[in-house]
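Student: I have a new structure to read. Can we go through it together, one feature at a time?

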There are 2 protein chains.
Amino acid sequence: MADGWMAARQAAEADWRGAHITVADLGEFGLIAAMKALLPAGTAQLVGIGDDAAVIRAPDARVVATMDLLVEGRHFRRDWSAAFDVGCKAAAQNLADIAAMGAVPTVLLVGFATPGDVPADWALDLARGLAQEAARAGASVAGGDVSSAEAIMIAVTALGDLAGREPVTRGGARPGDQLAIAGVLGRSAAGLALLKAGLAEPAVLVAAHQRPQPPYDAGPQAADLGATAMIDVSDGLAQDLGHVAAASGVRIDIDTTRLAGDPQLAAAASALGADRLGWALTGGEDHALAATFPPGTELPARWSVIGAVAAGRGVRVDGGSSPTHSGWDHFR
Amino acid sequence: MADGWMAARQAAEADWRGAHITVADLGEFGLIAAMKALLPAGTAQLVGIGDDAAVIRAPDARVVATMDLLVEGRHFRRDWSAAFDVGCKAAAQNLADIAAMGAVPTVLLVGFATPGDVPADWALDLARGLAQEAARAGASVAGGDVSSAEAIMIAVTALGDLAGREPVTRGGARPGDQLAIAGVLGRSAAGLALLKAGLAEPAVLVAAHQRPQPPYDAGPQAADLGATAMIDVSDGLAQDLGHVAAASGVRIDIDTTRLAGDPQLAAAASALGADRLGWALTGGEDHALAATFPPGTELPARWSVIGAVAAGRGVRVDGGSSPTHSGWDHFR
């Protein structure tokens, strides 16, 4: 089956993209071989792609592990996002979950279910995106699975190493703590709104939607600074902080005057007649990190204080009630 | 969202199964809460379901990791397999991959994409099956993700610990080694053939298709016995041994006279006019373990010698050529 793919590849050689080779033309093993060729082994891999399972270094003797699904039509559209971008995004959202525990990502495992008539280059560009974003986090793709399906679905598992740190959960925030974020808020949501309106500017916002760039190393940094709780902002700041408030048994107050004024967001809001603050509070997918720190912790510039923790429950925005049910529910 | 589910659950209380509650009725967070309640935490979990990522013990300082996809209509049919069985099977095939490296499974992560109109009980029975089979292997479900989708898709990642053993890859078989298997061969394929023919007997074969029971502890046992190569038989014995032959640079000879005579298989073959040996050689999904051992290794009774390793390449059955392309390709 890999032989069939090699023959097809050689025949197409100079005009691969024009050859209309599909995933089904490659076959299961040809597809795996072609993707594997684009996924360099990382230093954490002792056994990588091609055996029953991968063997990965876990020097801390604990491993941090997370999984996210991306479903075509739900999480991405092929007409709005290139395969490379889908690969970057699939990697980013899982790597950010590892960082949000205070850990350093080591590897990804990738499950790729696809209709057979999807162009082979779509699958290969997906692999390129996965590899690039994994490398940005110091990780690599160490294994996975492929299958046929009616629609594209991508399952990504990320593993990480704590390097001796205690994991930073959602449950440790205490009244008096500072609330701070690293990364950007609302840019992905604004980029999506621009795409829906058929606009391509500001390009930096469209790019933020297509290829979010979470600040991975801010996660271990927060752990080293003594963060009491941390979360990856994936469903919207208000909703995600609601999880921290619930797990910690506290109230979290957001001060929107301290959400950094983002001139690009303002420009997009003006062009679309939209609510800039709504994007920042309820837009997900930027994968900023939100963390709480003990009072008096001196934070590096990348961590912006945007609120505080108090006794009570729930999330308050500027002293008012929180925008409930404002984030994402896959079945609503 | 969990509130909505609780209200629905209380309203349905005495007649849950008759109430036609769907996954969409539960909502994303209600579904996660309901599944979590059926997934007891295991001893390997330091942080389990409900944070950005799980934290799992990895005492060996290496972690074994694998992922498989199950797609409705490809890997299972809802009219042939109950959700509980799908859960068992999804767990089994991943846990077997961990065992095939010589490791002990620790946890599963489960991604569950589903149409919103699937009955909530289908999802909960899936969780019950996952939990039961994980427990049979000494593991537990430590995290995952849910999403809506047009068809059900289940992604399972399994992690395991080597406990100081060297991983047994596919690449170490040497000429002169014995070839042995632990577990059953062909029963799942025979069970599927019975189901396709509308037959329910022999029931043990139908059950083998619905709930394969891999011999997980035979994996670490083989490693301790000095196995040179090992593989989980998931795509058919001949095809999977082809992977071992290729990775090891050897030829593998199967002696079919030594494939244990299975009276149940014989009965099914007779009833269907089918080829008993074909099931054993090309049927996958029993998740037997096939391993090679140095000559002279004394093997416990559960390991049946069925052939040998020689110089050369490929797989030979009774001295003849191998049944090529006889196993499973998802796109062919």
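**Reading a strand, a sheet and a pair of chains**

Tutor: This is a predicted model. Start with one strand. From strand 6 of chain A, A:Met153, A:Ala155, A:Thr157, A:Leu159 and A:Asp161 point one way. A:Ile154, A:Val156, A:Ala158 and A:Gly160 point the other way, and all of these residues are buried.

Student: Why do the residues of a strand point in two directions?

Tutor: In a regular strand, side chains alternate between the two faces of the sheet. Now look at the burial. In strand 6 of chain A, nine of nine residues are buried, so the strand is mostly covered.

Student: Which strands does strand 6 of chain A pair with, and in what sense?

Tutor: The general idea comes before the case. Strands of a sheet pair through backbone hydrogen bonds, and the pairing is either parallel or antiparallel. Here, strand 3 of chain A pairs with strand 6 of chain A in the antiparallel sense, over eight bridges. Strand 4 of chain A also pairs with strand 6 of chain A in the antiparallel sense, over nine bridges.

Student: Which residues stand opposite A:Ala158?

Tutor: On one side, A:Thr66 stands opposite A:Ala158. A:Leu108 also has A:Ala158 as its bridge partner.

Student: What is the strand order in the whole sheet?

Tutor: The sheet is open and has six strands, in the order 5(A)-4(A)-6(A)-3(A)-2(B)-1(B). The letters show the chains. The pairing is mixed.

Student: Which strands stand at the edges?

Tutor: Look for strands with a single partner. They are strand 5 (140-148) of chain A and strand 1 (45-47) of chain B, so each has one side without a neighbour in the sheet. Neighbouring strands of this sheet are turned by 25° against each other on average, direction ignored. At the chain B end, strand 1 and strand 2 (residues 54-57) of chain B pair in the antiparallel sense over two bridges. One bridge there joins B:Val47 to B:Val55.

Student: Which helices of chain A lie on this sheet?

Tutor: Take two of them. Helix 2 (residues 23-36) of chain A packs on the sheet and touches strand 4 (104-114) and strand 5 of chain A. Its direction makes about 165° with that of strand 5 of chain A. Helix 3 (residues 83-99) of chain A lies across strand 3 (62-71), strand 4 and strand 6 (153-161) of chain A. Helix 3 runs at about 145° to strand 3 of chain A.

Student: Let me pick a residue in that helix. Is A:Ala96 buried or exposed?

Tutor: Check its relative accessibility. The cut-off for buried is under 20%. A:Ala96 has 1%, so it counts as buried. A:Ala96 sits in helix 3 of chain A.

Student: What is A:Ala96 in contact with, beyond its neighbours within four places in sequence?

Tutor: Its contacts are A:Pro214, A:Tyr216, A:Asp232, A:His287 and A:Leu289. Sequence distance and space distance can be read side by side. A:Ala96 and A:Asp217 are 121 residues apart in sequence, but 9.5 Å apart in space, C-alpha to C-alpha. Now take chain A as a whole. Among contacts between residues at least 6 apart in sequence, 84% join residues at least 24 apart.

Student: Which residues have the most contacts inside the largest nonpolar core?

Tutor: That core has 62 residues. Those with the most contacts inside it are A:Leu31, A:Leu108, A:Phe112, A:Trp122, A:Ile154 and A:Trp303. A second, separate core has 61 residues, including B:Leu26 and B:Ile154.

Student: How is chain A related to chain B?

Tutor: Ask which rotation superposes them. Here it is a rotation of 180° with 0.0 Å of shift along its axis, and the RMSD is 0.0 Å. That is the relation of a two-fold axis. In chain A, A:Ala61 comes closest to the rotation axis, at 2.2 Å (C-alpha).

Student: Through what surface do the copies meet?

Tutor: Compare the interface residues. Of those in chain A, 100% are also interface residues in chain B, so the copies meet through the same surface.

Student: How many helices and strands are in chain A?

Tutor: Chain A has ten helices and twelve strands. Its radius of gyration is 21 Å, close to the 20 Å that the globule rule gives for 332 residues, so chain A is as compact as a globular protein of that length. Of its 332 residues, 59% count as buried.

How values were computed
Residues are numbered from 1 along each chain as its sequence is written. Chains are lettered from A and ligands numbered from 1 in the order in which they are written. This is a predicted model: local features need pLDDT of at least 70, side-chain atom pairs count only at pLDDT 80 or more; totals for chains, interfaces and linings use all residues. Side-chain values use heavy atoms; hydrogens and water are left out. A nonpolar core is a set of buried Ala, Val, Leu, Ile, Met, Phe, Trp, Tyr and Cys residues joined through side-chain atoms within 4.5 Å. Buried means under 20% relative accessible area, exposed over 50%, partly exposed in between (1.4 Å probe, protein chains only). Copies are superposed by least squares on the C-alpha atoms of residues with pLDDT of at least 70 in both. Contact means heavy atoms within 4.5 Å. Two strands pair if DSSP finds at least two bridges between them. Helices (H or I, at least four residues) and strands (E, at least two) are DSSP runs, numbered from the N terminus. Axes are lines fitted to C-alpha atoms, for helices over the stretch in contact, and angles run from 0 to 180 degrees between N-to-C directions. The radius of gyration is taken over C-alpha atoms; the globule rule is 2.2 Å times the number of residues to the power 0.38.
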